[in-house]
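Here are my notes on the model, as numbered points. Have the structure open while you read.

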Amino acid sequence: MKYAARRAVHALFLLFGISVLSFLFSAAVPGDYFSDLQLDSRVSPDTIAGLRTLYGLDRPLPARYGAWLASAARGEFGYSLTYHGPVGPLLGQRIKATLLLTGVATLLAWLVAVPVGIWNATHRGTWRDSALRLVLALMLSIPDLLLAFGLLVLAVETGWFPVGGMRSVGAEEMGAGAQVWDVARHLVLPVAVLAMGMLPVLIRHIRAGMSEAMEAPFAVSARAQGIPRRRLLYRHLLPAALNPLISLFGFSLGTLLSASLLIEVVMGWPGLGPLFLEAILARDFGVVLGVILISATFLVMGNLAADLMLYWADPRIRAGGPGTAAGGQG
Amino acid sequence: MKPALGVLVLVHVAVLGAGFFAPYDYAEQHREFPYAPPTPIHFRDWRPYAGEYPLRFFAKGRLFGVDEPGVVFLFGSDGFGRDVFSRVLYGGQVSLFTGLAACAVSLAFGLGLGTLAGFWGGWVDQVLMRGGELFLALPWLYLLLAVRGFLPLHIEPVEAFLLMVAIIGTVGWVRPARLIRGVVLSGRERGFVLAARGFGASGAYLIRRHILPMTFGVILTQATVLIPQYILAEVTLSFLGLGVAEPAPSWGNMLAEARQYHVLVSHPWLLAPGLATVPVLLGYLRIADCVLESTAK
Amino acid sequence: MLRIRELTKVYGGGKAPRRTDSPPQARQPAPQNASGLTALRGVNLELARGRTLGLVGPSGSGKSTLARCVTWFEEPTSGEIWFEDRDLRRLDARARRRMRAEIQIIFQEPAASLNPRFTAAEAVAEPLAIQGRGSRREQMERAAGLMELVGLARDAAGRRSHEFSGGQRQRLAIARALALEPKLLILDESFTGLDVRLQEQICGLLRDLRQRLGLTLLLITHDLALAAAMADEIAVMEAGAIVEHAATAELLARPRHERTRALIEATMALGWKPA
């Protein structure tokens with residue numbers, strides 16, 4: 001418990017640090033939301049100054065940060081100048097869409113990667129292994145962008161899937177079941193792209209972890225003792241390969257909000273990605289800050305979860321050996 | 001590994017020599033031929049022809065081309081009638097070398113800061129590692145976009161290139177730094193390092209003569225991983241409009257044209273820059289695997 | 001030549017405990033006081049020029065810590081170290097550097113103490129390069145000469161150190177240690193891990209060098225037999241203090257401390273007989 005508390009506090013400090021730095025950075029930037037407006041000669045400088053005061057953009061930094069903190073505590077997380085409203089609810093909406101996409105994709109990717117990774121590790125050296133490696137290498141070498149475009153073209157040509165977006169036009173009129181089905185149909189392509197991007201990385205790591213476990217002295221002697229393959233695999237090897245897998249899983253969790261940015265933008269999925277991009281181009285710092293913080297929170301939480309799971313799963317870490325987070329210097 | 005290296009060298013040479021290998025300049029427009037499909041090359045009496053026009057070699061300082069009003073668009077043309085093949089070659093200069101340069105930046109920072117942290121330890125180490133954690137806690141792409149977005153949006157291509165290299169490279173210093181720090185930490189306790197200390201060696205000597213060579217392996221493996229990652233970063237940034245802007249081509253901003261997918265569907269050759277990344281990424285991947293295998297032995 | 005007074009080293013901070021009296025003490029493990037681990041407790045030692053001292057004791061008795069204090073690898077908590085009437089603790093950086101040339105130490109692992117990437121000549125010449133003595137050619141020439149001195153072929157100078165056997169590497173380490181013409185040579189468990197025949201060879205080499213170069217040797221080992229064979233005097237350490245110090249023959253014939261007796265018995269049990 002002490003360990004968990006320590007890591008949690010550490011995470012909080014990290015997030016706090018990030019919020020301060022992000023705020024400072026956004027303040028250091030030349031130009032703000034109204035910079036473009038400044039270029040418009042019809043708008044007088046007084047109007048602009050007035051707008052700035054209205055939105056509190058001319059107050060000193062610590063005051064602005066304090067105000068922002070208070071707003072965060074209220075769940076508002078600042079104010080969006082583009083959308084004329086608090087950032088919080090805006091994010092909430094988009095987060096749901098992103099999580100739907102990444103959640104399904106991550107689940108799918110893991111469900112496929114684990115058995116394939118294990119299978120691959122146990123069948124090294126065969127032609128199937130080489131074939132799989134080749135396929136994985138290709139998948140890794142095809143950028144998400146290309147894949148997304150490719151699938152979009154496929155969708156247009158075949159008409160099997162809707163091309164981009166999350167809902168069809170007039171979706172609100174459909175019955176509940178039909179709406180779910182509608183969203184599901186729209187989900188297919190983005191999930192496919194995202195999952196195909198995650199798969200090769202996952203499979204490689206799982207394969208590596210399992211291979212390492214298989215070559216460890218304890219595994220070799222277990223095999224020599226004649227322990228049946230299945231039991232060896234599931235009761236001995238898998239737990240040993242668990243460490244890197246847990247870290248990987250924590251990483252997957254942590255990137256639930258951030259992995260899909262590009263795909264959302266390309267395929268028109270209304271998640272955090274397009275919102276973020278828009279806000280950057282419009283210099284809407286309230287939104288930018290909010291997105292950065294919420295995605296950083298997920299990352300930090302994901303790592304925290306991984307640390308805690310590792311601690312629980314691996315007795316060596318509990319004992320605090322050298323070179324572990326609980327023990328000596330990291 | 002040799003074929004992978006060969007492919008990479010080939011691509012880089014072609015891209016570097018774009019002024020020679022490409023039949024057209026990257027901004028050269030042919031308004032009469034927008035969205036032209038790839039020009040088929042056929043042979044007549046053993047000589048290559050693009051339609052009615054024979055291919056001319058080594059004319060106008062370029063490897064090949066055709067006389068006006070003929071055109072040879074190996075990868076077709078875009079909405080402005082610009083040769084996609086030429087633009088892919090020129091654009092590769094931006095994309096590939098952003099990757100290389102940014103990698104150099106990351107590795108330089110990583111080497112410097114990692115050695116500092118590992119060798120001197122103490123509060124320097126603590127500060128650097130905690131600082132690194134802050135960087136790692138932010139999702140990489142978001143961080144890139146935010147930093148880039150926070151800087152002036154409308155800048156010249158050369159500035160944009162340098163800016164991208166600086167941002168991508170700087171943001172990624174943490175992982176190399178940590179790895180190098182690890183090497184330095186274990187390295188400075190090695191017997192021969194202690195022995196050299198016993199002869200009165202200064203810290204600078206130890207680092208230069210003993211510890212730095214230990215980092216070469218890590219640097220190599222990191223390079224093979226970072227370069228493709230950074231190439232993709234450039235492509236993404238330019239695609240989103242935050243990188244190099246028209247008319248200077250980069251594989252990313254060329255793909256931005258394909259964003260209107262009805263255009264893409266009718267003119268799939270616009271995906272050529274995307275396809276060009278595949279052999280490059282594959283090449284680096286293969287090299288990375290080979291390096292990993294050889295260091296594991 | 002070497003005089004150590006009340007040398008104390010406590011790890012983990014805290015004050016040095018006051019020296020309690022007299023060597024004949026009851027056997028105790030190195031004490032852990034409230035703040036830390038006491039590796040050396042008020043050690044007194046003198047070593048005259050040209051003599052060879054064997055410092056013997058079980059693991060953890062503080063022998064290596066002593067060596068490390070003398071060679072500036074550790075900072076003692078209190079006490080004094082005098083070398084040829086110079087206080088080692090009060091030297092500035094430059095003087096220390098020069099002193100390093102006079103006191104050399106050879107560690108235990110010959111393989112670890114040579115950089116595998118260096119050639120034999122580079123490794124042996126390294127001290128010269130570090131201290132900036134002579135041009136590179138002169139350094140290499142001297143390295144080759146040193147290699148001959150320790151019984152290695154001159155033309156092996158170009159081979160990488162990992163191509164040599166364990167015994168040869170130890171010779172290289174010795175050659176390297178001699179490069180700066182030290183007056184005091186400390187060997188810290190340098191013979192552990194070598195088989196008996198190799199040990200004899202290296203011992204022979206050291207005796208030869210000692211005579212030729214007039215070296216003063218401090219031999220640190222847990223092997224009493226080795227110390228008996230090489231040293232003029234033996235000091236026995238236990239739990240951070242020197243419990244007995246006498247001429248070799250005297251110590252072996254009439255051991256006064258319990259630890260000495262135990263050591264002699266244990267070594268004889270392995271088939272050794274004091275000469």
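1. First, a term: a residue counts as buried if 20 or more other C-beta atoms lie within 10 Å of its own, exposed if 12 or fewer, and partly exposed in between, with C-beta atoms placed from the backbone. Helices (H or I, at least four residues) and strands (E, at least two) are DSSP runs, numbered from the N terminus.

2. Some housekeeping. This is a predicted model, where local features need pLDDT of at least 70 and side-chain atom pairs count only at pLDDT 80 or more, while totals for chains, interfaces and linings use all residues. Residues are numbered from 1 along each chain as its sequence is written, and chains are lettered from A and ligands numbered from 1 in the order in which they are written.

3. Now look at helix H5 (residues 140-150) of chain B. Nine of its eleven residues are buried, so the helix is largely enclosed by the rest of the structure. Among them are B:Leu141, B:Tyr142, B:Leu143, B:Leu144 and B:Leu145, and B:Arg148 is on the buried list too.

4. Chain B is split by the domain assignment (bounds come from an automatic or database assignment) into domain 1 (2-65) and domain 2 (91-296). Their C-alpha centres lie 32 Å apart. Contact here means that the C-beta atoms of two residues, placed from the backbone, lie within 7 Å. By that rule, 14 residues of domain 1 of chain B touch twelve of domain 2 of chain B. Helix H1 (residues 2-16) of chain B supplies the largest share of the domain 1 side, eight residues. That side has 13 nonpolar residues, one polar and no charged. (Ala, Val, Leu, Ile, Met, Phe, Trp, Tyr, Cys and Pro count as nonpolar, Asp, Glu, Lys and Arg as charged, and the others, Gly among them, as polar.)

5. Which chains have the most contacts among the two pairs that touch? Chains A and B do, with 35 residues of chain A in contact with 31 of chain B. Helices giving two or more residues to the chain A side include H1 (2-28), H7 (144-158) and H14 (285-313) of chain A. H7(A) contributes the largest share, seven residues. The chain A side divides into 28 nonpolar, six polar and one charged.

6. On to chain C: 17 of its residues are in contact with twelve of chain B. H3(C) gives the most to the chain C side, with four residues. By class, that side has seven nonpolar, five polar and five charged residues.

7. Finally, no contact joins chain A and chain C, and their closest C-alpha atoms lie 15 Å apart.
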